[in-house]
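Have a look at the structure first.

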Amino acid sequence: MIKDLRPTAFNNIHTVFIILEKGPTVRGENGSLLSLCLVADQSASVHLQLWGSECDFFQPGDIVRISRGIFSSYSGNMILRAGRKGKLEKIGEFTMVFSEFPNMSKVQWAQEPSNPAVWIPIGLHNPHSSITTQNNIQKVL
Amino acid sequence: MVVSGTNIKHEQPRNQGTGSLLLRRGPFDAEEELEATLLESFNSLEMHLKPPFQLHSRTPADLVKLNQALVYGILTQQQSQQLYVMHLAATTRDGYAGFTTILIRLVQESYLKLLDQPRHHLLWLVKELIGFAAAEVDTLCLSLLRRIVGGDTSHWNVWLAGQMLNIFSSNWTWLVDHSSVLTGALFTFLRLLPDHFMSKSPDILELRHDEIVFCVKILRERFQDCLVIGRDLVRLLQDVACIREFESIWKDLLSNPSAFNAIGFSDIAQLYVVRTPNRYLTSRLTPEMETYIRFILTHVQMGAQQRYQTWFVQRFLNTPESETLVCDLIRFICCAHHPPNQILQSDIIPRWAVIGWLLKCCKSHHVEANAKLALFYDWLFFMKKTDNLMNIEPALLLMVNSIPKYVGLTHCLLEFLFLCMNHYDPGRKDLIWCGVTASIDILIEKGVVQSLVSLSSSPHLAASLKKKLIECFPTYCHEAKGMSKVSSTTVIAVQSTHSKRIEAPPNIESKQDTLENHADELRTSESAGQMNMEFQNHSVGSPPCKRQKIGSEDTCSQGQDVILPKLSTEHLLSKEISSAVLKKEKFAAMKVHDDLSVLLQGSHKEAVVAFQKFLSLNLFKSKGTDNGENLDDRNFYTLARDITNILKRNDIGFCVPLHGYSPDLLEEDEIMSVTSVVFRAYTQSFHPKLLQMLLSWHAQGFDVGARLLCYSCRLAEYVTTFRTTSLMGSKPRQVSQYSQEHEKQSDGSRRKISLLSMFTWHEELRKELNDMAFQEINVLQQAVELVCPVESKEDAAISMCFMAYKKFLKGLNNKGSVSVEGFHCDDSTDISHGHGISEGQADDLRHWLIKDLKICLGWSIPRLLSILSLIFNYLPDLCTGDEEVIKLLVSTMDPSYFAKLELKLSLKELLIAGAPLARVQTLIQHSLLWDCSEQQYLWRLLVAEWQNLSPISISELVKSCALFLKPELHCEAVSGLLSLLRRQYPTVLMIITILLLPKDFARFAAAVLATWMSCDAANFLGCLTCIVTKKLHCKAELLGDYVQHPIDGSVGSPLATFTWYLDNLLRTRDEQSKVELMEIRATVLKLKEQCKSNVASDGPTSSGRNQI
């Protein structure tokens, strides 16, 4: 579940989501193509970064399975991506319910005092504290 | 033909998947399960697919794998394609069904991803399969037709249309034989024609020409088949009316219907009033569209639909041509997607909102008008009996809910509705007015909206529209007061002013001053009984009272002065007056033909529901007690024959043999079939007309009796099996609700449900049948329950079933002379007491029963056994003691059933032989000629049944048996008798009876006495002493017929043999146990002495006589 995503340094995320929106494809610092998407499952949404040929292939409405994905800070934003070790696979279209709130890329994270390796989300309960997703994407980009 | 395969440029895109040549797969597409399976099978079997073919027998799993490999091979391998087809033809064992099923799945799930070559091969393969007359190829064709998308003139879509058209045109004979494909193709190509008419592309031009020729040919030559499509056929024809070739068709449709040579077709209104089966409407959506629309309507919450709508539009509605799909989608949503209650009550987006969105998607006026027509189409011809409220609900809710935010939409919809009412078909304006008013009636009656006030008094709506609303539906446009009152009568009032075609009864025309007057008039009017009834149903405060409906019906039949032009008007006013019309030509074959053949299209379940409706309409609509009508046998015979002919034509079995039997599993035909519908209706209503029909069907060679017997026994089985469970206490209906909740629990509960649904009306069917027929049945059932001395409703239901069966048998007996009188409950005593019929009559009925049993024997022996063990319970007067039934029982017996039956007999739950003795004696006498094993079974059953019989009866039995049994000849019977006697308790009477046996029974008698002695020596001795001291063996009342031959003590007699046995025994016993034995021996010797002297003096005879 996307709601259970926690910042991590490992490629250990396996989940399924639907792509809600896709931002424009841009060139990254090293020349590779990048595109930021808003994806969601029934628990929450999160920003997903597409890389290279993924940018062209995936479209809004696609149901995607990510295996060995990673959720971490990238250019200052918490995003989900497949990374080099992980994989994105289109397994269907359309028929998946989703919830746009909370957006796990927009929640604030704090280290747990007793165990600094564990990050906990702050303010998950208030969906209205975040601005609209469209704005979010634009801001991130 | 138009686009032949070779004209297509082959651009084979590189497949980036795992080397499969079947489906197009993008770099990030997950592997498709089906493709993976097919490829794997192909890879593993490829070597074996080439000659020499292995034709040896394969396991089912191997065959599946082989089919998968062949599908993959034929679709992807250019060179070996022919070879593989040969292989397929050589190895198929199921008429290609397994193979075709894989293709169907492929088309449904993955057609869009099929690479170019597999697509070509697939279409080529379809032709081959048609040539082979492969099973399921019709379904495959329908799946492919579904893949031709409306509003899409892209290359591959046009190609597929051309290919399919080619296939159908070149296999015309096959097509004509498969009317579901024929009508499906017509529906598809009529829908595609307008798309293709807009295009200028040369490919399409040629295709269009062929499509026109094809459709016109079907309409001209096979119009009879097309009638099943119903009203949407007219809707589609409307869109092609401007095409020259269709002009003449339209002309004939409107003014010369006989030109179509369709039996019974005399007016276009006959098409209007037929609700189009869902499969046609669904077929115009691709499987993906259907999935997505259904997903939105079942999963997406109101307010969260935006993204889905955007995706849907991007995917399916993103070109100008695709806009025409909106009409198909609206028809689908209205007619084919009916959400269940839990969805209706949830916050899932309702259908009207989705339709509102779809209407907003229309850019062109033409499409928008068509879309609105699609939305209102069922309104125009709505019939309470055959149409569904759910089809018309979205339009009203859309109008009401669009105020005030989208009042423009409401405005435009209402305007369109009024336009249709007056101008859609001016020649049949009355029909349309009737349909619309009936729609409004039922929408308000069922509480979809409370009234039309929200429309008629909305400040946002144009005054002219509000005025029109109030004019047309005055009763629903007033706040609170008089709401939902006299609705239908109002309709009549309005109608009769419009109507030129109907000669309404004079009292309606003459008194239209006020509604109240009008209603009063109707209430007393005989000729408007039906309307009267409608009025009563709508009157304020009284709940819809169905019994009144029945009551008023009879008066209606006398109103023959409603003169109606044939058929068109019959349908026209069906809601109000059709009952009167039905009375007149109720059993006219044409009527049956019109209604039934149309109704029975669709899925099996739909057909069953439709048939049930048909039954209720045609049989229950008029009450069974109207003796005045001349319903002679010939009428029933014709009607019955017509129905079965239609069933046959629709591939629906009737009274088919039940070859399988499992105590835990009901066959579909037992529970959800036309047969079960008929039986359920008959056994719960005893409707005399139904009985006549059953008899007619019997006469036509259907195994009606056998199936009815199976049906009744299944119910009985249910009760006896589940009597003990806690569920059984409650009413059947509650149980079935309960069971539904727990449906997934266990096999056991599933079994309960299936059994239950047999004897209650199936919940779904029940919904469909909320008319008076059902009420009538319930009333009857209650009446019987009151009369029957039974404990519970289940018993009542079973009793009714068997009663119904017996009534059927009686009918067979009096064939030709059965009266049409209603069933009277006093017959119910038949079953519970078993003495309701005379012996002579019972013999006649038995004859039919045996016939039915023998039919069951031919079907399945386990089923026959289960029936046999039940009918002794439920038809005792026919079965108990009947030689033939018993013979059937023992000749088919198997050990497990035997054990069960033995228990039942021991517990006195049923009797096999029963009384009187004379019959039993004959039975035993005749059984001597039976097979050895049969005799053994018989005697074991008799022993079980008789073990608690009184000594007097046993004694009588033994005496009478001894007269004809020869121990050395009839070993089975004698050993049976022996085991019966051994189980008896020694009494004076019994001992005397045994001692009286003739000499050839000496050893037999000694054995019996020996057994008795060993189990209770003291008592045995007591009895003997009693006999000796009181000289009871001389008492004539104990000797009965044997008084001439008193107990014989001479050598070789039972007594002597027993003495000899005692002597033997004494030699082997130790001293202690000898004491009692000695005593017995002494008494026996004393008895022997007495007997000798008796014989010598011949004394006891006279003294015995004197005593008497």
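Predicted model: local features only at pLDDT ≥ 70, side-chain atom pairs only at ≥ 80, totals over all residues.

By class, the lining of the second largest pocket splits into 15 nonpolar, 15 polar and 17 charged residues.

Residues are numbered from 1 along each chain as its sequence is written, chains are lettered from A in the order in which they are written, and side-chain values use heavy atoms, with hydrogens and water left out.

**The pocket.** Its 47 lining residues include Glu93(A), Leu112(B), Lys113(B), Glu288(B) and Arg315(B), which lie nearest the centre. A pocket here is an open set of points on a 1 Å grid over the protein atoms alone, where a 1.4 Å probe fits and protein lies on both sides within 12 Å along at least five of seven lines; lining residues have an atom within 4 Å of a point. The space comes to about 1300 Å³, taken as what is filled by probe spheres set on the points, with points joined across faces, edges and corners. H16(B) gives the most to this lining, with five residues. Helices (H or I, at least four residues) and strands (E, at least two) are DSSP runs, numbered from the N terminus.

**Where the chains meet.** The contact (heavy atoms within 4.5 Å) takes 24 residues from chain A and 16 from chain B. Together the chains bury about 1600 Å², 65% of it on carbon and sulfur atoms; that is the accessible area (1.4 Å probe) that two parts lose on being put together, summed over both. Phe28(B), Arg307(B) and Trp311(B) supply 49% of the area chain B buries against chain A, more than any other three residues.

**A helix pair.** In chain B, Pro862(B), Leu865(B), Ser866(B) and Ser869(B) of H48(B) meet Tyr897(B), Leu901(B) and Lys904(B) of H51(B). Those contact residues divide into four nonpolar, two polar and one charged.

| Cis bond | Omega |
|---|---|
| Phe101(A) to Pro102(A) | about -5° |
| Ile403(B) to Pro404(B) | near 5° |

Pro102(A) is in the loop between S6 and S7 of chain A, and Pro404(B) is in the loop between H22 and H23 of chain B. Arg68(A), though not a glycine, has a positive phi of about 50°.

Terms used: Nonpolar A, V, L, I, M, F, W, Y, C, P; charged D, E, K, R; others polar.
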